[in-house]
Amino acid sequence: MYVPEIDFLTAEDIPAILRINANSEMSWPEEIIKSDLNNKSNNEITYIGAFALTTEAPLLGYAVLGREKRLGVLMALIVDKNFRRMKIASQLLIAVSDCAMYLNFKRLMLRVKKSNSAAIALYSQMSFVREKVRQGYYSNGEDAIVMSAKLPLTLKL
Ligand SMILES: CC(C)(COP(=O)(O)OP(=O)(O)OC[C@H]1O[C@@H](n2cnc3c(N)ncnc32)[C@H](O)[C@@H]1OP(=O)(O)O)[C@@H](O)C(=O)NCCC(=O)NCCS
């Protein structure tokens with residue numbers, strides 16, 4: 001396990017977020033990141049980052065919490081390839097859970113590619129359950145599994 005420093009991300013962190021995206025098989029779109037973080041009045045989207053506890057404090061991963069109607073939605077969760085399986089995503093999810101509760105959400109929802117067994121294993125461990133399948137949801141035609149969890153998230157061992 002690696003214990004990072006968890007903090008909110010701002011426009012200053014955009015280059016670091018893009019570096020993580022470039023080093024991942026999956027990314028949150030650059031134009032959305034720039035628009036979200038440059039628009040300071042947007043309080044509907046929260047970016048949370050995990051930073052290494054070294055002098056340079058590089059960003060190791062990030063999560064994006066959004067809202068769809070009255071539901072809290074995990075829009076993105078990505079960890080640097082070199083720092084995976086160290087519970088960084090798990091710790092980011094706990095921070096997302098705290099933040100979502102602060103925003104008065106009762107449940108957290110997400111969509112994940114059916115083939116993304118790593119993420120599905122992580123979410124299941126963090127008390128998310130499968131709700132339904134959205135057929136052909138992604139641009140490549142892949143199905144999305146919709147999962148949700150009651151807040152606060154808990155770690156199922
Ligand atoms: C999915 C992802 C965020 C996981 O990040 P991580 O920091 O490595 O996850 P954690 O270390 O917190 O993993 C916690 C648990 O999730 C499960 N898990 C995580 N990665 C896994 C993998 N590759 N295979 C199987 N189980 C996995 C395990 O149960 C793990 O616990 P363990 O290591 O004690 O077995 C990371 O692999 C990633 O960035 N993937 C690319 C982006 C992505 O797919 N995001 C999700 C989009 S919906």
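1. Ala63 touches Ile48, Leu74, Ala76, Leu77, Leu92, Leu93 and Val96, leaving aside residues up to four places away in sequence; contact here puts two C-beta atoms, placed from the backbone, within 7 Å. This is a predicted model, in which local features need pLDDT of at least 70, side-chain atom pairs count only at pLDDT 80 or more, and totals for chains, interfaces and linings use all residues. Residues are numbered from 1 along each chain as its sequence is written.

2. The largest nonpolar core has 35 residues, and Ala63 is among those that touch the most other members, with Ile48, Tyr62, Leu74, Leu92, Val96 and Leu110. Such a core is a set of buried Ala, Val, Leu, Ile, Met, Phe, Trp, Tyr and Cys residues joined through C-beta atoms within 7 Å. Two or more residues of this core come from each of α1 (14–22), β2, β3, β4, α3, β5 and β7 (144–150). Helices (H or I, at least four residues) and strands (E, at least two) are DSSP runs, numbered from the N terminus.

3. Helix α3 covers residues 88–102 and reaches 21 Å from first to last C-alpha, close to the 21 Å expected at 1.5 Å a residue; the expected span is 1.5 Å times one less than the number of residues. Its buried residues are Ile88, Ala89, Leu92, Leu93, Val96, Ser97 and Ala100. A residue is buried with 20 or more other C-beta atoms within 10 Å of its own, exposed with 12 or fewer, and partly exposed in between. The cover over the buried residues of α3 includes β2 (46–51), β3 (59–68) and α4 (117–125).

4. Strand β5 runs parallel to β4, joined by 3 bridges; pairing requires at least two DSSP bridges. Gly72 stands opposite Leu108.

5. The ligand is surrounded by 20 residues, the closest being Arg84, Ala89, Ser90, Ala118 and Leu122; a residue is near a molecule if its C-beta atom lies within 6 Å of it. The largest share, 5 residues, comes from α4. The shell divides into 12 nonpolar, 4 polar and 4 charged residues, with Ala, Val, Leu, Ile, Met, Phe, Trp, Tyr, Cys and Pro counted as nonpolar, Asp, Glu, Lys and Arg as charged, and the others, Gly among them, as polar.

6. Some backbone details follow. Lys69, in the loop between β3 and β4, has a positive phi near 55°. Lys69 counts as exposed because it has 5 C-beta neighbours inside 10 Å. The peptide bond from Leu151 to Pro152 is cis, with omega near 0°.
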